[in-house]
Amino acid sequence: MTSTMHHTPQPVSVLLCALGGEGGGVLAEWLVDAARRAGYPAQATSIPGVAQRTGATTYYLEFFPVPLAALGGRRPVFGLNPLPGRLDLLVSSELLETVRQIGNGLAAATHTRVITSSSRTLTTAEKMPLGDGRQDDAALLSLVRQHSQQHHVLDMAQLTREAGTVVSAVMLGCVAASGVLPFGRDVYEDVVRGEPAATPGKAAQASLRGFGLGFDAVMRQREQTRLVTE
């Protein structure tokens with residue numbers, strides 16, 4: 001491998017997992033829009049789920065970490081699907097769905113940051129047994145810790161209720177606070193508003209509240225991690 005090839009920036013890969021009706025498609029659009037507003041190349045693909053709770057709808061996005069203006073007319077080549085062990089960021093609105101993707105080998109302890117909700121929406125298989133058929137949360141969280149370089153666990157369902165919005169807005173705040181993507185907070189907020197410095201409507205105001213709660217929750221965890229490390 002030549003020195004030039006070795007130092008060529010690689011796209012930042014992000015996988016979003018949301019259940020039906022949670023606004024995963026809107027979240028993917030927000031992120032692509034944020035990249036374009038900030039002047040960075042981006043691409044998004046999606047794999048729809050089978051049903052409301054049979055499985056999650058996943059959205060795969062890649063962002064090139066160099067602005068278009070610095071590429072001299074060149075364009076990066078993006079992938080259409082995540083590669084096992086190469087994912088930079090996994091974001092999921094439901095704990096078991098997070099572990100499903102870890103089980104697919106997408107997350108790596110050496111490479112992947114995981115942001116997951118601690119809340120559960122029970123699967124059909126969990127509801128069928130006469131007794132308690134729920135998956136053990138402690139075991140699921142243990143898998144998240146084992147297969148992530150860094151992880152943030154928060155109750156997205158509670159934050160969503162508090163903000164009076166949908167979980168996709170909270171997830172956007174979490175992504176923004178993670179620092180994985182090279183965009184400032186104002187870029188994300190302008191995307192939610194619709195126009196820079198525009199007065200947001202009621203729906204946008206609720207989304208901005210959810211964004212803020214998710215952003216602050218992850219930033220608090222990052223600060224706690226920094227203090228512990230020091």
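**First stop: the end of a helix**

Select G39: just after helix 2, G39 takes a positive phi of about 90°. Helices (H or I, at least four residues) and strands (E, at least two) are DSSP runs, numbered from the N terminus. You're looking at a predicted model, where local features need pLDDT of at least 70, side-chain atom pairs count only at pLDDT 80 or more, and totals for chains, interfaces and linings use all residues. Residues are numbered from 1 along each chain as its sequence is written, and side-chain values use heavy atoms, leaving out hydrogens and water.

Now back up to helix 2 itself, residues 24–38. Colour its buried residues (under 20% relative accessible area, 1.4 Å probe, protein chains only): G24, L27, A28, W30, L31, V32, A34 and A35. These pack against several elements (contact means heavy atoms within 4.5 Å), including strand 1 (12–18), strand 2 (42–47) and helix 9 (202–229).

**Next stop: strand 5**

Select 113–117: five of the five residues are buried, so strand 5 is largely enclosed by the rest of the structure. R113, I115 and S117 cover one side, with V114 and T116 on the other. In a regular strand the side chains alternate between the two faces of the sheet.

Check S117, whose bridge partner in strand 6 is L154.

Note on methods:
Expected span 1.5 Å × (residues − 1). Buried < 20%, exposed > 50% of the residue type's maximum accessible area, 1.4 Å probe, protein only. Pairing = 2+ DSSP bridges.
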